[in-house]
Amino acid sequence: MSRTSSAARGSSLKNGLVLLAVFLVGLFGQGLAKGLWAIVLEAETREVGRVPAPDASEDAVILIENDPIGAWGPSWQVRIVRHGTAANKGIKVFSARGMVNSKLVWNGPRLLEVGYDRARIDYFTNAWTPDPHRLATAVEIRLAPSAPEFSYLRIGSNGSADPPE
Amino acid sequence: LEAKDLTISQELSHLERRSKPPLIAFVSLFLLGLLISTAAESLRDYTGLWNKREEARVTSPDGLVDAVLLRPIRYGDRSRISLHVVPHGEPVELSDVMVDGSSFEVAPAIVWARPQLLLMTYDAGCIDDLKTVWHSYWVNGGRYYVELRATASSMFPCLGVGSKPSFSARTPR
């Protein structure tokens with residue numbers, strides 16, 4: 001009899017743990033899905049351009065990240081790294097899709113311009129520092145779109161601005 | 001003795017089968033977890049909005065959307081700003097943000113250059129995150145886009161020239 005009751009206790013503990021796991025999957029499902037997505041569909045990046053700052057302390061690097069599922073197309077990234085170091089060691093300051101004619105220009109050792117004819121920007125920050133305690137080495141970043149108005153949307157025949165096909 | 005063992009083992013397997021929770025219990029608990037996480041997100045948005053005031057709300061020339069500039073009222077850094085686009089007259093969803101900025105002692109100027117083209121001009125301030133295209137499935141049958149163009153009138157709006165830089169440290173993304 002004691003064997004059956006201890007087995008029943010073990011079984012209900014197992015069931016309780018499974019139910020708890022199911023509850024936790026529901027609770028943290030979104031985060032888990034994002035994490036799994038990033039692991040399963042790890043995107044590849046390749047460096048396509050590198051421009052050293054005038055004082056050669058930093059490099060501005062442009063990378064293209066492929067789209068593993070082919071839904072959105074590749075993504076362009078700009079990272080700033082210590083001169084000569086690998087691009088993936090740098091901090092991302094810009095990312096965009098549908099970028100055309102990307103151009104990086106240093107207008108001084110502490111001012112970087114990101115130029116483009118077309119881009120749908122997903123992320124941009126206008127300042128970068130390698131070390132928060134050495135702010136004298138910080139870099140300001142500016143956007144420099146070539147078009148005077150829309151840089152991504154295009155005005156169609158009906159007068160409405162839409163994304164390019 | 002063997003017969004007794006057999007009976008016990010049969011009883012055990014019967015107990016295991018009988019004590020297995022029904023499928024509806026798994027589904028309900030999964031949905032409960034999902035519901036709690038969604039409610040927590042909504043609560044975070046609501047409490048976040050409670051501490052923000054609309055510094056500006058500018059309706060687009062076609063009257064379909066509003067650009068809304070928010071700033072904290074009481075808690076947190078009051079030089080922080082966030083810019084949102086919402087369907088005309090609707091409240092802001094904090095998670096849908098076009099610009100997240102800090103060190104904006106003076107609010108940026110928000111102007112519609114034309115329908116679907118929003119201009120943000122600022123003299124001093126740090127941009128922590130910016131997106132240039134906004135889209136909603138709730139406006140114009142889901143075929144309505146807004147593009148943002150942010151222009152700084154000074155060369156070093158975040159770092160300043162000859163002054164102490166005011167931006168905070170960032171971690172690699």
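This is a predicted model: local features need pLDDT of at least 70, side-chain atom pairs count only at pLDDT 80 or more; totals for chains, interfaces and linings use all residues.
Residues are numbered from 1 along each chain as written, chains are lettered from A in the order written, and side-chain values use heavy atoms, without hydrogens or water.

**Where chains A and B meet**

- On the contact count (heavy atoms within 4.5 Å), 51 residues of chain A touch 53 residues of chain B.
- The size of an interface is often given as the accessible area lost when the parts come together.
- Here the buried area (accessible area, 1.4 Å probe, that two parts lose on being put together, summed over both) is about 4400 Å², and carbon and sulfur atoms give 61% of that.
- There are 16 residue pairs in polar contact across the interface, both at pLDDT 80 or more; that means a pair of N or O atoms within 3.5 Å, one able to donate a hydrogen and the other to accept it, with sequence neighbours counting only if both atoms are side-chain atoms.
- On chain A's side, α1, β4 (91-100), β7 (118-124), β8 (127-128), β9 (139-145) and β11 (161-162) each supply at least two residues; helices (H or I, at least four residues) and strands (E, at least two) are DSSP runs, numbered from the N terminus.
- α1(A) gives the most to that side, with 13 residues.
- The two chains share two salt bridges, meaning a side-chain nitrogen of Lys or Arg within 4 Å of a carboxyl oxygen of Asp or Glu.
- A salt bridge joins the side chains of A:E149 and B:R114, at 3.8 Å from N to O.

**The nonpolar patch**

- Residues from both chains, including A:L13, A:L17, A:F28, B:L23 and B:F30, form a nonpolar surface patch with about 1000 Å² of accessible area together.
- Two elements give two or more residues each: α1 (2-27) of chain A and α2 (23-50) of chain B.
- α1(A) gives the most to the patch, with five residues.
- A:L17 sits in helix α1 of chain A and is exposed, at 52% relative accessible area; exposed means over 50%, buried under 20%.

**A buried valine in chain B**

- B:V86 is part of strand β3 (residues 81-87) of chain B and counts as buried, at 4% relative accessibility.
- Leaving out residues up to four places away in sequence, B:V86 touches B:R57, B:V65, B:D66, B:V68, B:P91, B:V92 and B:W134.
- From B:V86 to B:A113 is 27 residues in sequence and 17 Å in space, C-alpha to C-alpha.

Terms used. Patches are made of residues with over 30% relative accessible area and no salt bridge: like charges are joined within 9 Å, nonpolar side chains (Val, Leu, Ile, Met, Phe, Trp, Tyr) within 5 Å. Accessible areas come from the Shrake-Rupley method with a 1.4 Å probe; for residues, only the protein chains shown count as cover. Buried means under 20% relative accessible area, exposed over 50%, partly exposed in between (1.4 Å probe, protein chains only).
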